[in-house]
Amino acid sequence: MITPKNDLLINHRVHIRLELNTLDVVDDLVQYIKENRVHELSFMDHTPGQGQYRDIKEFEKVIYQQYGEISDDKKKEIIDICKSKRKLDRDQIQILIKSSLVNGVAMAYHDVETREQIDWMAENNIKICEFPLNDDAAEYAMQKNLFCVVGSPNIIMGRSQYNNASAVDLLVNNRANVISSDYFSSSLLGSIFILNRLYNIPLPTAVGFATINPAAALGISEKQGSIAEGKKADIIIVDASTEFPRVNMSIINGIIKMKLNYLEEK
């Protein structure tokens, strides 16, 4: 586990995505939570046949990425092994939930698909609905006053990689309120301006999807997430004159940490 440093270009926080078939990490993870080395915990289940991989063909794409061309029998063997893996039981999950609540760690449920999952989240004080797979789940999550997260690559591409809900549609129709970079960090900034330029979402609102709203989801909005008196002076200066915006400067705790000078194109 990496402990965040204090001399980086931005303030980093640690987000753990816990695959539910990872059985041997509970004790270590509880210890990390107690030591304030985890700031968000997501519960995630990528078992083929449900959730994101309810269409087995989508899971076979993952198999291809890892193994290349293999026989149908080998694919079936891998899928069967993944389906048969034992998962964390209710008691183990409750240990992690209680530890997170006691230590102020925000919790999320990943790839939310049903209203029953959202009811379970609400019952267990899990406030972040991470990547709802369909419009109904997203709408119900917002009705339950949860934070509903979509991925910026989905916005950049204009669609879901796995044919799930459109991030743009969810944001435009008030069924989502947080944008995540989702493994492609540079897409986060670009997605904000796409929402403004192509879908007429006011720029302050689009910026809020990536700043004050996620700060509120993590429970740190009193000190971070917007420019206001008494808050940490964490700011990026952006050049939005180009098709894809560029970061010119980052300011952390009021100190310039990075500054770039782009050459003007002739």
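Modeller: Four bridges join strand S2 (residues 40-44) to strand S3 (residues 106-110), and the two run parallel. This is a predicted model, in which local features need pLDDT of at least 70 and side-chain atom pairs count only at pLDDT 80 or more, while totals for chains, interfaces and linings use all residues. Residues are numbered from 1 along each chain as its sequence is written, and side-chain values use heavy atoms, with hydrogens and water left out.

Biologist: What makes S2 and S3 a pair?

Modeller: Two strands pair if DSSP finds at least two bridges between them, and S2 and S3 have four. Leu41, for example, stands opposite Met107 in S3. The strands themselves (E, at least two residues), like the helices (H or I, at least four), are DSSP runs numbered from the N terminus.

Biologist: Why is Val178 called buried?

Modeller: Its relative accessible area is 5%; buried means under 20%, exposed over 50% and partly exposed in between, with a 1.4 Å probe and protein chains only. Val178 therefore counts as buried. This residue is found in strand S6 (residues 178-180). Beyond its neighbours within four places in sequence, Val178 is in contact (heavy atoms within 4.5 Å) with residues including Phe147, Val149, Phe209 and Pro214.

Biologist: How do you know whether Ser100 is buried or exposed?

Modeller: Ser100 has a relative accessible area of 0%, so it is buried. It is found in helix H4 (residues 90-102). Leaving aside neighbours within four places in sequence, Ser100 is in contact with Ile33, Leu41, Val105 and Met107. Leu41 and Met107 are also the residues that stand opposite each other in S2 and S3.

Biologist: Why are helices H5 and H6 called roughly parallel?

Modeller: The axes of helix H5 (residues 115-123) and helix H6 (residues 135-143) come within 9 Å and cross at roughly 25°. Angles under 35 degrees count as roughly parallel, over 145 as roughly antiparallel, 65 to 115 as roughly perpendicular and the rest as oblique; H5 and H6 are therefore roughly parallel. In H5, Arg115, Ile118 and Asp119 meet Asp136, Ala137, Tyr140 and Ala141 in H6. The residues of this contact divide into four nonpolar, no polar and three charged. Ala, Val, Leu, Ile, Met, Phe, Trp, Tyr, Cys and Pro count as nonpolar, Asp, Glu, Lys and Arg as charged, and the others, Gly among them, as polar.

Biologist: What covers the buried residues of helix H9?

Modeller: The cover includes helix H7 (152-157), helix H8 (167-172), S6, helix H10 (203-210), S7 and S8. Among the buried residues of H9 (residues 187-199) are Leu189, Ile192, Phe193 and Leu195. Just after H9, Asn200 takes a positive phi of about 60°.

Biologist: How are S7 and S8 arranged?

Modeller: They belong to an open sheet of three strands in the order S7-S8-S9, with antiparallel pairing. Strand S7 (235-239) and strand S9 (255-259) stand at the edges, because each has a single partner strand. The twist averages 20° from one strand to the next. Five bridges join S7 to strand S8 (residues 246-252), and Asp239 has Arg246 in S8 as its bridge partner.

Technical notes. Axes are lines fitted to C-alpha atoms, for helices over the stretch in contact, and angles run from 0 to 180 degrees between N-to-C directions.
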